[in-house]
Amino acid sequence: MRLKDTPQPLYRLLVLSHLLSARIRGSIALATARALHEAGLRDPRRMTEAAWQERVDALGRGGYRRYDERTATQLGEGAELLTERWGGDLRRLRREADGEVSELRRLLREFPGMGPAGTDIFLREAQGVWPEAAPYLDAKALQGAERLNLPTDPERLVGLAGSTGPAVLAAALVRAAVDKEVAEDTLRRAG
């Protein structure tokens, strides 16, 4: 699925970034994001209006049990923040940052539970629709580049990628960073 620069997909990316940043398997974070969506918790208004227990139950259905109570609270508080400060629209947060990636990072970190890892995940994906963030190749992406014996300078990597967009490049590099077999297979094919 391709990310759209509209409120609901950006919010869903924010929630997914939050879930993926915990010390939990990526497959569980994805299943949990689906469970939240299926429970109707697709936008900040619905997330805020949902009872805390509804959020806990949806997180549990996705397999996100270890952090479910804390995460349910953080998602509710984050949805309130987004609604009150930016009218439920992350594009307003983007406008407030005025093209500054460091300011985007700072503002995203204001969401409860969004630390450096969650912020990196969000910006790696959002750079596809927020070009001012590109190229966003964080430490995890650069770790993948190193594992693939590629340069670790973001501009050089983007140059080597040719017409491949920075978001796609970042995703591929992160996959190589987190999955040794992917990296080894890629090196075998290239070699």
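1. Arg-124 is placed in helix 8. The structure under discussion is a predicted model. With a relative accessibility of 10%, Arg-124 counts as buried because the cut-off for that class is under 20%. The side chain of Arg-124 makes a polar contact with the side chain of Asp-138, at 2.7 Å.

2. The surroundings of Arg-124 deserve a separate remark. Once neighbours within four places in sequence are set aside, Arg-124 is in contact with Tyr-136, Asp-138, Lys-140, Ala-167, Ala-170 and Val-174.

3. The largest nonpolar core holds 41 residues, and Leu-36, Leu-90, Phe-111 and Phe-122 are the members that touch the most others. At least two residues of this core are supplied by each of helix 1 (7–20), helix 2 (26–38), helix 4 (52–61), helix 5, helix 6 (90–97), helix 7 and helix 8. Helix 1 gives the largest share, 7 residues. Another core, of 12 residues, lies apart from it; Leu-137, Ala-141, Leu-173 and Val-174 are among them.

4. Not counting residues up to four places away in sequence, Leu-90 touches Leu-10, Tyr-11, Leu-14, Leu-82, Phe-111, Phe-122 and Trp-130. Phe-111 and Phe-122 in this list are also named among the core residues that touch the most other members.

5. The count of aromatic pairs comes to 2. In one of them, the ring centres of Trp-86 and Phe-111 are 5.8 Å apart and the planes stand at 35 degrees, so this pair is classed as tilted. Trp-86 belongs to helix 5, whereas Phe-111 sits in the loop between helix 7 and helix 8; the pair therefore ties together parts that are 25 residues apart in sequence. Trp-86 is buried, at 2% relative accessibility, and Phe-111 is buried as well, at 3%.

6. Phe-122 and Trp-130 also form an aromatic pair, with 5.6 Å from centre to centre and 65 degrees between the planes, an edge-to-face arrangement. Phe-122 is buried, with a relative accessible area of 0%, and Trp-130 likewise counts as buried at 0%.

7. Turning to the charged side chains, the model contains 13 salt bridges. One of them joins Arg-85 and Glu-110, with 2.2 Å from N to O. Arg-85 lies in helix 5 (residues 68–86) and Glu-110 in the loop between helix 7 (101–108) and helix 8 (116–126), so this pair links parts that are 25 residues apart in sequence. Arg-85 is partly exposed, at 35% relative accessibility, and Glu-110 is partly exposed, at 29%.

8. Asp-120 and Arg-105 meet through their side chains in a salt bridge of 2.5 Å, N to O. Distant parts of the chain are linked by this pair: Asp-120 is in helix 8 and Arg-105 in helix 7, 15 residues apart. Asp-120 is buried, with a relative accessible area of 13%, while Arg-105 is partly exposed, at 24%. Elsewhere, salt bridges that share partners join Arg-85, Glu-96, Glu-103, Arg-106 and Glu-110 into one network.

9. A further salt bridge is formed by Asp-89 and Arg-91, whose closest N and O atoms are 2.8 Å apart. Asp-89 is buried, with a relative accessible area of 8%, whereas Arg-91 is partly exposed, at 27%.

10. The last point concerns Arg-109, which lies in the loop between helix 7 and helix 8. Arg-109 is partly exposed, with a relative accessible area of 42%. Apart from its neighbours within four places in sequence, Arg-109 is in contact with Met-114, Gly-115, Pro-116 and Thr-119. The C-alpha atoms of Arg-109 and Met-47 are separated by 19 Å, and these residues are 62 residues apart along the chain.

Note on methods
Residues numbered from 1 in each chain as written. Predicted model: local features only at pLDDT ≥ 70, side-chain atom pairs only at ≥ 80, totals over all residues. Heavy atoms only, no water. Salt bridge = Lys/Arg side-chain N within 4 Å of Asp/Glu carboxyl O. Helix = DSSP H or I, 4+ residues; strand = E, 2+ residues; numbered from the N terminus. Buried < 20%, exposed > 50% of the residue type's maximum accessible area, 1.4 Å probe, protein only. Contact = heavy atoms within 4.5 Å. Core = buried A, V, L, I, M, F, W, Y, C linked by side-chain atoms within 4.5 Å. Polar contact = N/O pair within 3.5 Å; in protein donor to acceptor, adjacent residues only side chain to side chain. Phe/Tyr/Trp six-rings, centres within 6.5 Å; stacked < 30°, edge-to-face > 60°.
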